[in-house]
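I opened a new notebook page for this one. I want to look up the ligand site, the model's confidence and a few single residues.

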Amino acid sequence: MSSFEEVFGTTPDGSWRAPGRVNLIGEHTDYNDGLVLPIALPNQILVTASKRDDGRIAVASTGHDRVIEFAIDELVPGSVGDWAAYPAGAAWVLRESGYPIGGANLLVDSDLPSGAGLSSSAALLCATSVALLGLRDIEFDPAEVARLAQLAENQYVGAPVGLMDQMASMCCTAGHALYFDIRAMSTDQIPFDPAADDLALLVVDVKAPHRHVDGEYAARRRSCEEAAAELGVPALRSIAYDDLDDALKRLQDGVVRRRVRHVVTEIRRVEEAVELMRAGRLRDVGPLFTASHVSMRDDFEITVPELDVAVDTALEAGALGARMTGGGFDGCIIALTEASTADAVLSAIEKAFAEHGFSAPSALAAAPSAGASRSD
Ligand code: GAF
């Protein structure tokens, strides 16, 4: 692995970090103006940086040899491709928003598995943003940087994601889950310490093979927006849980009805999970995780066999609840277990995967960690 000095021939001015996330509950609710409850992971993207005075940004990654360089002034959506689109997008949106960022050398390092649905893209956007701002001592509001990072992902990279991942990466705090109400743009830090209740949160990357599902996320988002238009509301968040049956009767298409049912019931599950956590009843959140998974499997149709087998096996092995987390089709499951059974649950999943001929899954530590910051 090359050092910063070897890549750029100069010493760095500092390092900035932004974490990945695991969402406890509230999936595909963010772009419906709903509620989410992510925690930040200890795994993160680290950007080590030095100032340049020529208005150009050079990016390199410890995982790739090539240095990619561009002028900040010349950035237009899509002008830089591949993984460097994310740092370029961050620079573009900061420039467009009037932040006086300047040229920089950036070395990107990561211990966040990419493709595991742990939001490495949002972490890269956020880490680059705080590095470019930090290099010039520019003050910022973390939630505003999250919003800009989402804008960069939507408009520069072209991915129609919601705001959960960027908010988790910027605004989570250690020991807490972030209860984020997208419509109100309000946040609340909910203490989350499974170990204090003799519980464990197991995060298992199912390492599903890449399936050709590009466009599925956008299709889900489109269905939700079309359903909201058909129901005459700005977003599905406007459908109260108690009015769900009436709303479903007004929708013609069976698939759309199921998509709506997922979103409305999932938002309700987030509220219930937060009520239980506030009441110190974390064990009782387990069944909500499982109900969320069933809803994503049957109504939103975003699970794959590896995710379903991992969840079913975790439950059979004694987990209190389990669900896939993230955008779907790949990625991780989370399982809430008694601390004493976490190892047995993981072993059961490994055994079931071997029996199904799936790739070996891998577990991650899920200590709720802090959002983006300077790291030195
Ligand atoms: C992906 C997206 F980036 C998020 O905005 C969110 O919609 C999530 O999928 C599903 O909850 O991570």
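I began with Gly162: one of its polar backbone atoms is 2.9 Å from an oxygen atom of the ligand. I count a polar contact as a pair of N or O atoms within 3.5 Å; within protein, one must be able to donate a hydrogen and the other to accept it, and residues adjacent in sequence count only if both atoms are side-chain atoms. Next I looked at side chains. An N or O atom of the Asp30 side chain is 2.5 Å from a ligand oxygen. For the Tyr217 side chain, the distance from an N or O atom to a ligand oxygen is 2.6 Å. I then checked the cover: taken alone, the ligand exposes 310 Å², and the protein buries 93% of that. Such areas come from the Shrake-Rupley method with a 1.4 Å probe; for residues, only the protein chains shown count as cover.

**Model notes.** This is a predicted model, where local features need pLDDT of at least 70, side-chain atom pairs count only at pLDDT 80 or more, and totals for chains, interfaces and linings use all residues. Residues are numbered from 1 along each chain as its sequence is written, and side-chain values use heavy atoms, with hydrogens and water left out.

**Confidence.** pLDDT is the predictor's confidence in each residue, from 0 to 100. The protein averages 96, and 99% of the residues score at least 70. Strands (E, at least two residues) and helices (H or I, at least four) are DSSP runs, numbered from the N terminus.

**Asn23.** I found Asn23 in strand S1 (residues 14-23). Is Asn23 buried or exposed? Asn23 is buried, because its relative accessible area is 0% and buried means under 20%, exposed over 50%, partly exposed in between (1.4 Å probe, protein chains only). Its side chain reaches the backbone oxygen of Gly26 at 2.8 Å. Leaving aside neighbours within four places in sequence, Asn23 has contacts (heavy atoms within 4.5 Å) that include Val36, Met164 and Ile334.

**Positive phi.** Asp198 is not a glycine, yet its phi is positive, about 60°. Asp198 sits in the loop between strand S8 (186-191) and strand S9 (199-205). Asp198 is exposed, at 54% relative accessible area. Lys207 also has a positive phi, near 50°. I placed Lys207 in the loop between S9 and helix H6 (216-231). Lys207 is partly exposed, at 39%.
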